[in-house]
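Student: I would like to understand how the words used for a structure follow from its values. Could we take such words one at a time and set each against its cut-off?

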Amino acid sequence: MKLMETSKEILTELLEIAPNLGKTAISRVPYAVPNGFFEGFAERLMNRIHMEAAVYSEPDIGQQNAEDSPLLEIEEIAPLLAGLKNINTYQVPAGYFESLEAKIPALESKPFTAETKQAPVFNLKFVKYAVAACIVALLGTSIFNLTYHKTTDPIKDLATVSDRDMANYLDSDDIHWAPGIANSSASIDFSENDVHDLLSTVSDDELEQYSATLPEEKRNVN
Amino acid sequence: MVEQKSDTELLALFREPATKEKAFTEIVKKYQERLYWHIRRMLVDHEDSNDVMQNVFIRVWNALSGFREDAQLYTWLYRIATNECLTFIDQQKKKASVSLNELESGLSNKIMADRDFDASKLEWKLQLAIQQLPEKQRVVFMLRYYDEMPYDEMSKVLDTSAGALKASYHHAAKKIEDFILNH
């Protein structure tokens with residue numbers, strides 16, 4: 001009853017707004033619907049709901065099967081390859097697998113055990129560190145010696161010093177002659193003949209000239 | 001003739017596991033034609049309408065156990081159907097990267113492509129005129145004109161005040177009349 005009243009109200013309202021929209025004439029919708037569409041709709045809908053419920057009730061299992069099973073995966077990707085999977089084209093000599101154990105003595109005598117030896121990780125590391133430390137120490141010592149303790153030939157170095165510089169050096173007050181050391185050194189390194197040989201090429205004039213340059217006390221040493 | 005059960009009775013049966021499916025099937029049968037035509041007038045194409053109507057009833061199946069009876073069932077169904085239609089139209093727009101105007105002209109083209117289309121007949125002109133309306137006015141006009149829905153019920157479907165709906169319907173009816181008179 002209420003619907004009828006509403007229907008009348010709506011028609012009245014429409015005629016007031018747009019009199020040319022004669023509701024009774026054009027209210028029919030002209031679209032066509034396939035035959036039997038509404039008759040089977042509820043059943044088709046329930047079938048779809050059942051199917052979706054079946055899928056959604058086990059989503060993990062379905063997904064897991066597809067992802068975890070290589071057979072299902074290849075069936076989805078390439079069904080032809082899935083069918084060829086179990087057809088082996090290679091041939092194996094008859095009884096090969098049965099005789100395999102006998103052909104490998106190690107397998108026969110020593111069955112596999114889970115026991116394994118652990119590599120001596122600590123000792124190996126220790127040796128490595130020790131070798132490295134030795135190399136570093138050797139290199140360090142060599143560099144230190146080369147840097148701070150240069151060993152050179154003193155005779156060669158003296159050859160580069162001029163006579164004048166040598167004379168000045170010998171005259172300088174920094175040198176303190178210790179007769180004992182001087183004597184002992186001479187007695188060890190030089191004999192009378194050595195001195196004679198050394199001075200054989202020096203003329204007497206040169207010796208006298210040299211002697212005159214020496215201080216008084218040094219003249220008496222020799 | 002089997003007497004049709006009321007919505008309250010059907011909802012009570014739906015809550016019982018033993019009669020849930022039977023009650024739902026009856027609800028579908030009771031409302032399928034009204035909802036179909038509401039959807040069809042919005043989408044024009046039958047296949048689109050069929051897809052959307054199935055989605056509507058699947059939503060109803062999933063949500064009906066939580067339906068509160070302070071609203072009318074048919075209002076709730078129209079609300080879901082309208083939202084599904086608008087979502088579908090929105091998806092079509094995004095999918096085809098077309099503007100709303102282009103989509104409306106696409107719907108008009110669908111109407112004119114119908115094998116029964118007759119431009120001289122008023123009912124076909126009316127369908128073309130409806131597609132010229134803005135989306136909201138189109139829904140309001142169809143709910144009022146075809147489904148004869150009172151404004152207070154429409155207000156629940158569209159979440160809009162009855163006054164605004166009245167104004168919207170007024171504008172829509174005038175535009176449609178103008179279109180029919182000028183085409």
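Tutor: What follows is a set of questions about a predicted model, each answered by placing a value beside a definition.

Student: Why is L107(B) called buried?

Tutor: The word applies to a residue with 20 or more other C-beta atoms within 10 Å of its own. L107(B) has 21 other C-beta atoms within 10 Å, and therefore it is buried. This residue lies in helix α5 of chain B, which covers residues 100–113.

Student: What does L107(B) contact, leaving aside its neighbours within four places in sequence?

Tutor: With those neighbours left aside, L107(B) is in contact with V44(B) and Q131(B).

Student: Which residues meet where α2(B) and α3(B) touch?

Tutor: On the α2(B) side they include F24(B), V28(B), L35(B) and L43(B), and on the α3(B) side they include V52(B), M53(B), V56(B) and W61(B). The residues of this contact divide into eleven nonpolar, two polar and two charged.

Student: What makes α7(B) and α9(B) roughly perpendicular to each other?

Tutor: The axes of helix α7 (residues 135–145) and helix α9 (residues 162–182) of chain B cross at roughly 90° and come within 9 Å. Because angles of 65 to 115 degrees count as roughly perpendicular, that description applies to α7(B) and α9(B). Among the residues that meet here are V140(B) and F141(B) in α7(B), together with L165(B) and Y169(B) in α9(B). The residues of this contact divide into six nonpolar, three polar and two charged.

Student: How many residues does each chain give to the contact between chain A and chain B?

Tutor: Chain A gives 25 residues and chain B gives 31 residues. On the side of chain A, the elements that give two or more residues are α1 (2–17), α2 (23–26) and α3 (37–57) of chain A. The largest share of that side, seven residues, comes from α3(A). The residues on the chain A side divide into 19 nonpolar, four polar and two charged.

Student: Which elements of chain A have the lowest and the highest mean pLDDT?

Tutor: Among the elements of chain A, the lowest mean pLDDT, 47, belongs to helix α12 (residues 179–189), and the highest, 85, belongs to α3(A). Over residues 180–187 of chain A pLDDT stays under 50, and the model has one contact beyond four places in sequence for that stretch.

How values were computed
Residues are numbered from 1 along each chain as its sequence is written. Chains are lettered from A and ligands numbered from 1 in the order in which they are written. This is a predicted model: local features need pLDDT of at least 70, side-chain atom pairs count only at pLDDT 80 or more; totals for chains, interfaces and linings use all residues. Two residues are in contact if their C-beta atoms, placed from the backbone, lie within 7 Å. Helices (H or I, at least four residues) and strands (E, at least two) are DSSP runs, numbered from the N terminus. Ala, Val, Leu, Ile, Met, Phe, Trp, Tyr, Cys and Pro count as nonpolar, Asp, Glu, Lys and Arg as charged, and the others, Gly among them, as polar. pLDDT is the predictor's confidence in each residue, from 0 to 100. Axes are lines fitted to C-alpha atoms, for helices over the stretch in contact, and angles run from 0 to 180 degrees between N-to-C directions. Angles under 35 degrees count as roughly parallel, over 145 as roughly antiparallel, 65 to 115 as roughly perpendicular and the rest as oblique. A residue is buried if 20 or more other C-beta atoms lie within 10 Å of its own, exposed if 12 or fewer, and partly exposed in between; C-beta atoms are placed from the backbone.
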